[in-house]
Amino acid sequence: GEALAVSARVAPLGSRLVLLLVEDLTEARRIEAVRRDFVANVSHELKTPVGALSLLSEAVMDASDDPEAVQRFAGRMQIEATRLTNLVQELIDLSRVQNDDPLEDAEPVRVDELVAEAIDRCRHQAGTKQITMAAGGADDLRVWGNRGQLAAALGNLVENAVNYSPARTRVGIAARQIAAPGGDMIEIAVTDQGIGISDKDRERIFERFYRVDPARSRATGGTGLGLAIVKHVVASHDGEVTVWSAEGQGSTFTIRLPEAAAARDRAQQHPDLD
Ligand code: ADP
């Protein structure tokens with residue numbers, strides 16, 4: 001509709017019109033290609049665990065007189081089933097954050113609660129790897145937004161920090177309030193001492209299904225969707241996410257979100273913006 005309106009305005013300029021239509025077609029084609037890639041990726045990601053489950057169930061049947069082998073295969077079936085569940089859950093999360101307007105039921109959300117929830121979510125994994133988790137600064141801070149979506153975003157960052165770190169390292173979560181031209185923001189930084197991310201990969205990790213090392217990601221139950229979810233959630237909350245990293249030394253993912261009172265003031269001053 002917008003493209004038509006624009007073309008109507010420039011109609012007297014014949015060649016400009018053609019150019020606009022061509023640009024519009026190119027954009028439509030690009031969107032179609034992205035959609036096709038996404039469907040192909042989803043199919044592939046679903047086929048891998050389903051194929052493994054099918055092979056493993058055959059192996060169980062063949063090994064029925066060897067209880068030890070049955071145990072081993074059943075254990076691997078459980079891992080594949082968990083992987084499928086994770087993938088489906090993250091696909092649902094992703095479609096939700098892409099389609100829902102999070103600010104429709106926005107509320108002040110306590111940052112210390114978000115942090116505690118995120119830590120809880122990885123407690124088991126961190127414990128197995130003897131990773132120490134330390135949080136600071138979150139008391140009394142509140143962000144403005146959709147509680148469920150914000151919890152998913154921070155949870156993904158902390159989960160990644162634990163997943164991509166060696167044993168006996170430290171994961172830190174630091175929150176603070178900062179002044180910004182449009183009103184105060186809350187900054188939450190998740191720092192790890194993990195494998196880090198190269199400059200080249202850093203540009204792509206927020207894409208759906210992009211992983212630096214697919215085998216490593218799958219081994220930890222990763223889906224390649226976590227950071228895509230983070231990016232969407234933060235953007236739809238009028239925030240931003242940045243990453244600093246040095247290969248072999250670690251990474252810091254920082255999200256900035258509108259502070260609750262500042263966001264409410266802004267909405268009251270400019271009700272038409274909502
Ligand atoms: P995944 O499910 O694979 O973790 P994400 O979208 O959360 O998917 O992350 C995409 C990729 O970015 C990961 O596969 C990993 O290669 C890289 N990555 C994300 N977080 C970190 C981190 N804290 N340290 C190192 N690499 C990371």
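1. Basis. The model is predicted: local features need pLDDT of at least 70, side-chain atom pairs count only at pLDDT 80 or more, and totals for chains, interfaces and linings use all residues. Residues are numbered from 1 along each chain as its sequence is written, and side-chain values use heavy atoms, with hydrogens and water left out.

2. The UniProt record, an unreviewed entry, places the feature "domain: Histidine kinase" at residues 41–261. Such annotations may be inferred rather than shown by experiment. Over residues 41–261 the chain is 51% helix and 21% strand. Helices (H or I, at least four residues) and strands (E, at least two) are DSSP runs, numbered from the N terminus. The end C-alpha atoms of this stretch are 41 Å apart.

3. A side-chain N or O atom of Asn-160 is 2.8 Å from a ligand oxygen, and a polar side-chain atom of Ser-217 lies 2.6 Å from an oxygen atom of the ligand. The protein covers 97% of the 540 Å² of accessible area that the ligand has on its own (Shrake-Rupley method, 1.4 Å probe).

4. Ligand shell. The ligand is surrounded by 20 residues (a heavy atom within 4 Å); among the closest are Tyr-164, Thr-223 and Gly-224. Helix 5 (147–163), helix 8 (226–236) and strand 7 (250–258) each give two or more residues to this shell. By class, the shell has 10 nonpolar, eight polar and two charged residues, with Gly counted as polar.

5. Cavity. How many cavities of 30 Å³ or more does the structure hold? There is one. A cavity is a set of points on a 1 Å grid over the protein atoms alone where a 1.4 Å probe fits but cannot get out, and lining residues have an atom within 4 Å of a point. The largest cavity has a volume of about 80 Å³, the space filled by probe spheres set on the points. Its lining includes Glu-45, Arg-83, Arg-211 and Thr-223. Helix 3 (67–99) gives two or more residues to the lining, as does helix 2 (14–62); the largest share, four residues, comes from helix 3.

6. Backbone angles. Most residues other than glycine have a negative phi. Gln-130 has a positive phi of about 55 degrees and is in the loop between helix 4 (111–128) and strand 2 (132–136). Asp-238 has a phi near 60 degrees, in the loop between helix 8 and strand 6 (240–246).

How values were computed
Polar contact = N/O pair within 3.5 Å; in protein donor to acceptor, adjacent residues only side chain to side chain. 1 Å grid on protein atoms, 1.4 Å probe; cavity = no way out; pocket = protein on both sides within 12 Å on 5 of 7 lines; lining within 4 Å.
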